[in-house]
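Please look over the structure shown here before reading on.

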Amino acid sequence: MIEANYCLLSEKISSQALTIHARIQNEGDAQRKAAYEHRLTAANILADITDANPYERKDYFAIELKARLHTHLEERLTKSLPCMSDAAYKRARRIYELIRLSEGGDFKTLCQLMKPSEKFSRIQNSDIRRYSELLHTIDAEPILKRLPHYLDSNNKFYAPTALYLPEPTDKRYCTSEIIAEIKNNDDLGRLLFEFNNLIAAKANESFIIDTKYTNCFDEISIDDQDRIDSNITKSLCISILTKDDAEARLK
């Protein structure tokens, strides 16, 4: 419980610090005025801790995952800097900044898609390493909005993942696990109607999952509707792609 409350409190303080900084930079407020007007009170902090159990909220797991991913990307950037090209450094820096500044729904979107075969509360450090490695080595320039993703010439979206499927039999388990997660997680289902091309961190071969779902679960926003490639009256089919196959499509 202490660790959970610490993560949530740390995120709240960081978000408030960014708000204060923006007021100073964009609105011209004096530092003392901005800090005073946007201060956190002890009563508000206590209410956040006591009103809800963070272990029962997706927010906690998203914050905890963000902290681990942010730390890994920072360490990778520091260690790889001496041998990085300028282009590789710029990409790594942009990815790092996207993760560092992301918050709320945008980061939960990334959490859902990082490893859609599992609840993101179960994502391991090895998954983070595989996801990061794919992001930094795939031969395609990412779109860094909401989450790192790619767009092909047919305006289809591709999301990198930490899916690790080195054996032929992994395909069967991956299929059943993703379908089970969609059944229990409407948020994931909606996202996969939009990002239905998933790039595996490692896969023996590319394959397609026909989920048999024929609707988009709940109502979606106009912005999301504009980004969806497939007709939502059709069965949701998800393409799991090897890195090589994805790169070929993104040329």
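Predicted model: local features only at pLDDT ≥ 70, side-chain atom pairs only at ≥ 80, totals over all residues.

Residues are numbered from 1 along each chain as its sequence is written, and side-chain values use heavy atoms, with hydrogens and water left out.

Q: Which element of the chain has the lowest mean pLDDT?
A: pLDDT is the predictor's confidence in each residue, from 0 to 100, and its mean over the chain is 81. Among the elements, which are DSSP runs (helices H or I of at least four residues, strands E of at least two), strand 5 has the highest mean, 98. The lowest mean, 51, belongs to helix 10.

Q: Is His-136 buried or exposed?
A: His-136 lies in helix 7, residues 125–137. Buried means under 20% relative accessible area, exposed over 50% and partly exposed in between, with a 1.4 Å probe and protein chains only. Because the relative accessible area of His-136 is 18%, this residue is buried.

Q: Which residue meets Glu-133 in a salt bridge?
A: A salt bridge is a side-chain nitrogen of Lys or Arg within 4 Å of a carboxyl oxygen of Asp or Glu. For Glu-133 the N to O distance is 2.9 Å, and the partner is Arg-76.

Q: How many residues apart in sequence are the parts that Glu-133 and Arg-76 tie together?
A: Glu-133 lies in helix 7, whereas Arg-76 lies in helix 4 (residues 58–80). The pair therefore ties together parts whose separation in sequence, in residues, is 57.
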